[in-house]
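I'd like to walk you through one structure, so please have a look at the screen.

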Amino acid sequence: MDYTVGAKALPVVCPHCDCPVPQKPGQGRVRLYCTPDAGKQYRRRLRALGIPL
Ligand SMILES: [Zn+2]
């Protein structure tokens, strides 16, 4: 069973700016953020709120 295909079939919305994130089919991790920078800023904001990631 290929778990990446199932996970990538779900629509992903960037938690930083609420935009849909296009997924590349095939190997690799599920993209959570539209850009690496959006992910960086999102995690920095969570740390500022006291949530370690
Ligand atoms: Zn985004």
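So, which pattern does the protein chain follow, read along the sequence? The answer is α-β-β-α, with two helices and two strands in the chain. Please keep in mind that this is a predicted model.

A few overall values before we zoom in. The protein chain has 53 residues, and 19% of them count as buried. Its accessible surface comes to about 4300 Å², with 62% of that belonging to carbon and sulfur atoms. If you take the contacts between residues at least 6 apart in sequence, 11% of them join residues at least 24 apart.

Let's go to the metal. Which residues coordinate the zinc ion? They are C14, C17 and C34, each through SG, at 2.0 to 2.2 Å. Along the sequence, these donor residues are spaced C-x2-C-x16-C. C14 sits in the loop between β1 (12-13) and β2, while C34 sits in the loop between β2 and α2, so this pair ties together parts that are 20 residues apart in sequence.

C14 also takes us to the next topic. With a relative accessible area of 0%, C14 is buried, and it belongs to the largest nonpolar core. That core has seven residues: V12, C14, V21, Y33, A38, Y42 and L46. Helix α2, residues 36-48, gives the largest share of this core, with three residues.

The partners are Y33 and Y42, with ring centres 5.7 Å apart and planes at 50 degrees, so we call the pair tilted. Both partners are buried, Y33 at a relative accessible area of 15% and Y42 at 18%.

Finally, stay with me for V12, another member of that core. Leaving out residues up to four places away in sequence, V12 touches C19, P20, V21, Q23, V30, R31 and L32. Let me pick Q23 from that list. Q23 is in the loop between β2 (20-21) and α2. What does the side chain of Q23 reach? The backbone oxygen of R31, at 2.8 Å. Beyond its neighbours within four places in sequence, Q23 is in contact with K8, V12, V30 and R31.

That's my tour, and I'm happy to go back to any part of it.

Key
Residues numbered from 1 in each chain as written. Predicted model: local features only at pLDDT ≥ 70, side-chain atom pairs only at ≥ 80, totals over all residues. Heavy atoms only, no water. Core = buried A, V, L, I, M, F, W, Y, C linked by side-chain atoms within 4.5 Å. Buried < 20%, exposed > 50% of the residue type's maximum accessible area, 1.4 Å probe, protein only. Helix = DSSP H or I, 4+ residues; strand = E, 2+ residues; numbered from the N terminus. Contact = heavy atoms within 4.5 Å. Polar contact = N/O pair within 3.5 Å; in protein donor to acceptor, adjacent residues only side chain to side chain. Donors = N, O, S within 2.8 Å, 3.2 Å for Na, K, Ca; no water. Phe/Tyr/Trp six-rings, centres within 6.5 Å; stacked < 30°, edge-to-face > 60°. Areas by Shrake-Rupley, 256 points an atom, 1.4 Å probe, with all protein chains shown as cover.
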